[in-house]
Amino acid sequence: MIKATWVSIFALAAMLLVILVPPAEAVTCSPMQLSPCASAITSSSQPSALCCAKLKEQKPCLCGYMRNPSLRRFVSSPNARKVSNRCKLPIPRC
């Protein structure tokens, strides 16, 4: 009897999670989304709040950008690493 009650409680909790938690939105990988970071990456100036927000949003895409020969030099540059550190975003290991 007690076991059935716990099973019911867990089932109810799982249903509430499915109903109340919105599904995660997929990130559209677009290097243009990182344009607010351009000046910080190219001139080593401080990144803006918008830059940090976009960088965190594009985090799942960074490995793809690093593999792209035309983007690698921007995403993997020493200034890009500084921007990542200033935004408190660890550099992914790809």
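This is a predicted model: local features need pLDDT of at least 70, side-chain atom pairs count only at pLDDT 80 or more; totals for chains, interfaces and linings use all residues.
Is Glu57 buried, exposed or partly exposed? At a relative accessibility of 37%, Glu57 counts as partly exposed, a class that lies between buried (under 20% relative accessible area) and exposed (over 50%), as found with a 1.4 Å probe and the protein chains only. Residues are numbered from 1 along each chain as its sequence is written, and side-chain values use heavy atoms, with hydrogens and water left out.

The chain has six helices and zero strands, where helices (H or I, at least four residues) and strands (E, at least two) are DSSP runs numbered from the N terminus. Of its 94 residues, 24% count as buried. Among the contacts in the chain with a separation of 6 or more, 68% are between residues 24 or more positions apart, a contact being heavy atoms within 4.5 Å.

Glu57, with which we began, is found in helix 3, and, leaving aside residues up to four places away in sequence, Glu57 touches Val27 and Gln33. The C-alpha atoms of Glu57 and Gln33 are separated by 8.9 Å, although the two residues are 24 apart along the chain. Gln58 is found in the loop between helix 3 (49-57) and helix 4, and Gln58 counts as buried because its relative accessibility is 1%. With residues up to four places away again not counted, the residues that Gln58 touches include Val27, Cys29, Leu34 and Tyr65.

Thr28 itself is found in the loop between helix 1 (2-20) and helix 2, and Thr28 is exposed because its relative accessible area is 61%.

We turn now to the largest pocket. A pocket is an open set of points on a 1 Å grid over the protein atoms alone, where a 1.4 Å probe fits and protein lies on both sides within 12 Å along at least five of seven lines; lining residues have an atom within 4 Å of a point. The largest pocket is lined by 23 residues, of which Leu34, Ile41, Phe74, Val75 and Ala80 lie nearest its centre. The elements that give two or more residues to this lining are helix 2 (38-43), helix 4 (62-67), helix 5 (69-75) and helix 6 (78-86), and helix 6 gives the most, with four residues.

In the loop between helix 5 and helix 6 the reader will find Ser77, which is buried because its relative accessible area is 13%. A polar atom of the side chain of Ser77 lies 3.2 Å from the backbone oxygen of Phe74, and, with residues up to four places away in sequence not counted, Ser77 touches Ile41 and Arg72.

Key. A polar contact is a pair of N or O atoms within 3.5 Å; within protein, one must be able to donate a hydrogen and the other to accept it, and residues adjacent in sequence count only if both atoms are side-chain atoms.
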